[in-house]
Amino acid sequence: MSSADIPARPAVRIAVLGAGNRGQKYTEWIRAHQHLATVVAVADPRPVARARVAAGFDGPREFETWQELMAAIGSGELARPDAVLVTTQDRDHLAPCLAVAEAGLPLLVEKPLGVTAEECTTIVEAVQRADVPFAVGHVMRYTPYTDLVRSVVDSGRLGRIINIQHLEPVGWWHAAHSYVRGNWRRTDESAPMLLAKSSHDIDWIMHVTGRRIDSVASFGDRSHFRAAEAPAGSGERCLDCAVEADCPFSAKAIYLEPARRTGTVRWPGSVITDGDSPADIEEALRVGPYGRCVYRSDNDVVDNQVLALQFDDGTSGTFTMTSFSEHTGRRTQIFGTHGMLDGDGEQVEVVEFRSGTREVLRVGDMGGADAAGGHGGGDAGLIAAFVEAVATGDRSVIRSGAEETLRSHLAVFAAEESRRTGTIQQVPRPTAVRPG
């Protein structure tokens, strides 16, 4: 959606609950489009994080907690915003989402919606009772690449879709950063890997195929990032490790060496320190969690997982997540009765069986596929659609309604239960929500 296509109107006033990476990414778009939206308040216990969100706006109010911000709205101390972003950590979504819904405010919440099926259902029911615009951070739905894949599927060139194979290559260093040393390394502190990282993908598979997942079987484990896999001579921390130079997961290589080359701190280094110099990175590696050996961290999430999927029409698919790959775009193959599609996140090749023709279709450069690159245009697409829905009342621009969001989350929970128990799981059908 181009801002040039949106008519002049008052800027949507937004409060941000949680000023981490995702909150900062969404407010980057707002900062660049202040004729459409503005940030009027931000809540986060970290002053530096609040300052990053507040920068460039006209004096947003700052609060240490989301409770203080919502109380200020309730008392009239803070003028009622037009909408709220909930971009707290995964396990901290339920309470603020319920508070926002009870206040009758439009809500965008970062994925995953919640960390249990019960949490997700509770949030969806609350939002539907409030009858407010509602969006979840399934940013892959909003990319030009997704539009391209959907256009091929919807055109009928592939015939009836029989099978889809989808791969998420997390990337060796990104896995080490986020899911071994970082905030999403432990299920009890965040969420299972499939929910924290790959709920995007399960939702995307359902979106591009137009199918509902009925049953799932899943396998996966923490196969490599554990003490038994540590190389001989390795130490507790990369700064003091005798074999660090030969380790592909070296924290020095991931964080310190880029900072030394550029003389500044950029993502992912900006995650591990509030400082802006190589010395700040080095200190963080010396004392913080990101300097730990990947084989001696306290992580417990899987580093590889595969799902076998059966859809509501009896067709099938697979999904694979691996930490041991390049950090690159997702790979997808879709097989139909009349043709097949092979995509890599930037382009698709379409093969038509009847004619034997091959056609390569490309999208323009929309930035990197990861969080640093704006998820291939998905971050901007999501926040632009949400602002449009709030400003105009047209909720159709939000691409995942409450029921779709709940369905994809329930499929993820079923897959994780299958992995843990070694059973085939049926995906429950939401019964307490209405379409939308």
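I looked up Val109 and found that its bridge partner in strand 6 is Val136. Strand 5, residues 107–109, is joined to strand 6 by three bridges, and the two run parallel; a pair requires at least two bridges found by DSSP, and strands are DSSP runs (E, at least two residues), while helices are runs of H or I of at least four, both numbered from the N terminus.

I noted that the model is predicted, that local features need pLDDT of at least 70 and side-chain atom pairs pLDDT 80 or more, whereas totals for chains, interfaces and linings use all residues. Residues are numbered from 1 along each chain as its sequence is written, and side-chain values use heavy atoms, with hydrogens and water left out.

I then traced the open sheet, whose six strands follow the order 3-2-1-4-5-6 with parallel pairing. Its edge strands, strand 3 (61–63) and strand 6 (134–136), each pair on one side only.

Next I turned to helix 5 (residues 117–130) and helix 14 (residues 402–421), whose axes come within 10 Å and cross at roughly 175°; axes are lines fitted to C-alpha atoms, for helices over the stretch in contact, and angles run from 0 to 180 degrees between N-to-C directions. The two helices are therefore roughly antiparallel to each other, a term for angles over 145 degrees. In their contact (heavy atoms within 4.5 Å), I found Cys120 and Val124 among the residues of helix 5, and Leu406 and Phe413 among those of helix 14.

Methods:
Parallel < 35°, antiparallel > 145°, perpendicular 65-115°, else oblique.
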